Amino acid sequence: MINNIENKIEANISVLDGILMIFKASERVSEITIRNCFRHAGFNNAIPQQTVQGEQKEDIRFPNINEYVNFDNDVLTSEPLSDQEIISS
């Protein structure tokens, strides 16, 4: 494959071949290399952990299945048709 690229010979690569090449390449990258890349890009501790004293957990109420299914029943998704438009279609 590399020889084909270096010699400017066209290579037929399927999607599966591409996925397998990416997978094999990702297995060769060490964790240290990935950490160094992220640090070099400025992502080291980019999101500081903040703790707020006295913070209370919010009670989250999950909808039942009927509330979930019928949540957007009142939302218009199309323009109402007149009787004439219904007849002509």
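A residue is called buried under 20% relative accessible area, exposed over 50%, and partly exposed in between, with a 1.4 Å probe and protein chains only. By that scale Asn73, at 52% relative accessibility, counts as exposed.

This is a predicted model, in which local features need pLDDT of at least 70 and side-chain atom pairs count only at pLDDT 80 or more, while totals for chains, interfaces and linings use all residues. Residues are numbered from 1 along each chain as its sequence is written, and side-chain values use heavy atoms, with hydrogens and water left out.

**Overall make-up**

The chain has five helices and zero strands, and its elements run α-α-α-α-α from the N terminus on. Helices (H or I, at least four residues) and strands (E, at least two) are DSSP runs, numbered from the N terminus. Of the 89 residues in the chain, buried ones make up 1%. The accessible surface, computed by the Shrake-Rupley method with a 1.4 Å probe and, for residues, with only the protein chains shown counting as cover, comes to about 9700 Å² for the chain. Carbon and sulfur atoms hold 55% of that surface.

Confidence is given as pLDDT, the predictor's confidence in each residue, from 0 to 100. The chain averages 81, and 83% of the residues score at least 70. Within the chain, H1 has the lowest confidence, at a mean of 76, and H2 the highest, at 92.

**Helices H1 and H2 and the loop between them**

Helix H1 covers residues 2–6 and helix H2 residues 15–28, with Lys8 in the loop between them. Lys8 has a phi near 55°, a positive value in a residue other than glycine. Its relative accessible area of 79% makes Lys8 exposed.

Ile5 is in helix H1 and is also exposed, with a relative accessible area of 59%. Together with Met1, Ile13 and Met21, Ile5 makes a nonpolar surface patch of about 380 Å². Such patches are made of residues with over 30% relative accessible area and no salt bridge; like charges are joined within 9 Å, and nonpolar side chains (Val, Leu, Ile, Met, Phe, Trp, Tyr) within 5 Å.

The expected span of a helix is 1.5 Å times one less than its number of residues. For the 14 residues of H2 this should be 20 Å, and the end C-alpha atoms are 20 Å apart, which agrees. One of the 14 residues of H2 is buried, so the helix lies largely in the open.

**Side-chain pairs**

A search of the whole structure finds one salt bridge, a term for a side-chain nitrogen of Lys or Arg within 4 Å of a carboxyl oxygen of Asp or Glu. It joins Arg35 and Glu31, which both lie in helix H3 (residues 31–40), four residues apart, about one turn of the helix. An α-helix has 3.6 residues a turn, so residues three or four places apart point the same way. Arg35 is exposed at 54%, and Glu31 is exposed at 52%.

A polar contact is a pair of N or O atoms within 3.5 Å; within protein, one must be able to donate a hydrogen and the other to accept it, and residues adjacent in sequence count only if both atoms are side-chain atoms.

| Side-chain pair | Polar contact distance |
|---|---|
| Arg35 and Glu31 | 2.5 Å |
| Asn73 and Asn70 | 3.0 Å |
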